[in-house]
Amino acid sequence: MRNLDFSSWSTILSTFITLALVTLIGVGIRLVLLQTIQQKRERENRQVNERLRILIAAYKTLGGSFTGNLLVDPTHLRDLRQSENAGELENASSDRTRRIRDAVEAALSDILLLGTEEQVRLATKAVNELVAGRSVDTTELVGSLRDFIREVLDLEPVHADTSSLKQGPSRPGGGSGAKGREAGRDDARGGGKGGGGGAAAGGGMGMGLGLGVGANLDDEHGEK
């Protein structure tokens with residue numbers, strides 16, 4: 001403040017203009033820095049969320065079953081067809097085994113890409129077992145995924161009794177559910193059109209009601 005000159009109106013004006021420019025430049029630099037830091041944090045958050053989402057999906061695939069056969073059968077589709085021709089396996093059983101193995105392979109691929117060092121090591125071991133034609137136990141890998149996900153979500157560690165559970169690959173459901181939903185959508189569209197046709201004979205109010213019911217059914221099926 002001692003260097004400021006207030007001897008005349010012109011010097012006072014130039015002093016205030018200088019102070020305003022310096023303040024404006026300082027505020028601009030601060031805003032740029034804050035925006036850069038915010039963008040970096042948002043990018044890091046998106047990366048963490050995407051990684052966590054994929055690893056949670058892998059966990060559900062590898063550890064979604066607690067009963068039955070908890071080992072991954074490495075048998076290839078080619079071998080399954082040969083076995084079916086020889087009468088050793090049923091079609092439904094072999095197709096289910098193949099779909100489980102394919103889902104497990106996709107989950108292992110995601111873990112190899114986004115997993116921690118321990119998870120990548122366990123996934124590599126499982127892949128090598130599959131390539132060698134040996135059944136794979138995913139319990140250890142599932143436990144590592146569970147502990148990592150809970151740590152990222154800031155949840156308390158699981159109890160020892162829970163961590164000792166034997167988990168295996170989830171059993172893929174049949175196509176009946178998806179087919180049923182598609183059939184429901186078709187019926188809903190047909191109902192909407194039918195309502196509109198009937199309303200043409202009965203009046204505009206009937207047409208609006210029929211189309212409205214059909215649209216609501218479509219929305220409900222779409223949400224499911």
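In this predicted model, helix 1 passes helix 5 in a left-handed crossing. Helix 1 covers residues 9-63. The two helices pack at an angle of about 145 degrees, and their axes lie 10 Å apart. On the helix 1 side, the meeting residues are Val48, Arg51, Leu52, Leu55, Ile56, Ala58, Tyr59, Leu62 and Gly63. Helix 5 contributes Leu141, Val142, Leu145, Arg146, Phe148, Ile149 and Val152. By class, this contact of helix 1 with helix 5 holds 13 nonpolar residues, one polar residue and two charged residues.

Helix 5 (residues 139-152) also packs against helix 4 (residues 117-131). Their axes come within 9 Å and cross at roughly 160 degrees. Angles over 145 degrees count as roughly antiparallel, so helix 4 is roughly antiparallel to helix 5. The crossing of helix 4 and helix 5 is left-handed. Glu118, Gln119, Leu122 and Ala123 of helix 4 make the contact with Glu140, Leu141, Ser144, Leu145 and Phe148 of helix 5. Five nonpolar, two polar and two charged residues form this contact of helix 4 with helix 5. Leu141, Leu145 and Phe148 of helix 5 take part here and also meet helix 1.

The largest pocket holds about 240 Å³ of space. Eleven residues line the largest pocket. Asn69, Leu71, Arg96, Thr97 and Ile100 are the closest to its centre. Helix 3 (residues 91-114) supplies the largest share of the lining, with five residues. By class, the lining of the largest pocket has three nonpolar, four polar and four charged residues.

Notes:
Residues numbered from 1 in each chain as written. Predicted model: local features only at pLDDT ≥ 70, side-chain atom pairs only at ≥ 80, totals over all residues. Heavy atoms only, no water. Axes fitted to C-alpha atoms, helices over the stretch in contact; angles between N-to-C directions. Helix = DSSP H or I, 4+ residues; strand = E, 2+ residues; numbered from the N terminus. Parallel < 35°, antiparallel > 145°, perpendicular 65-115°, else oblique. Left-handed = near helix turned anticlockwise from the far one by under 90°. Contact = heavy atoms within 4.5 Å. Nonpolar A, V, L, I, M, F, W, Y, C, P; charged D, E, K, R; others polar. 1 Å grid on protein atoms, 1.4 Å probe; cavity = no way out; pocket = protein on both sides within 12 Å on 5 of 7 lines; lining within 4 Å. Points joined across faces, edges and corners; volume = space filled by probe spheres on them.
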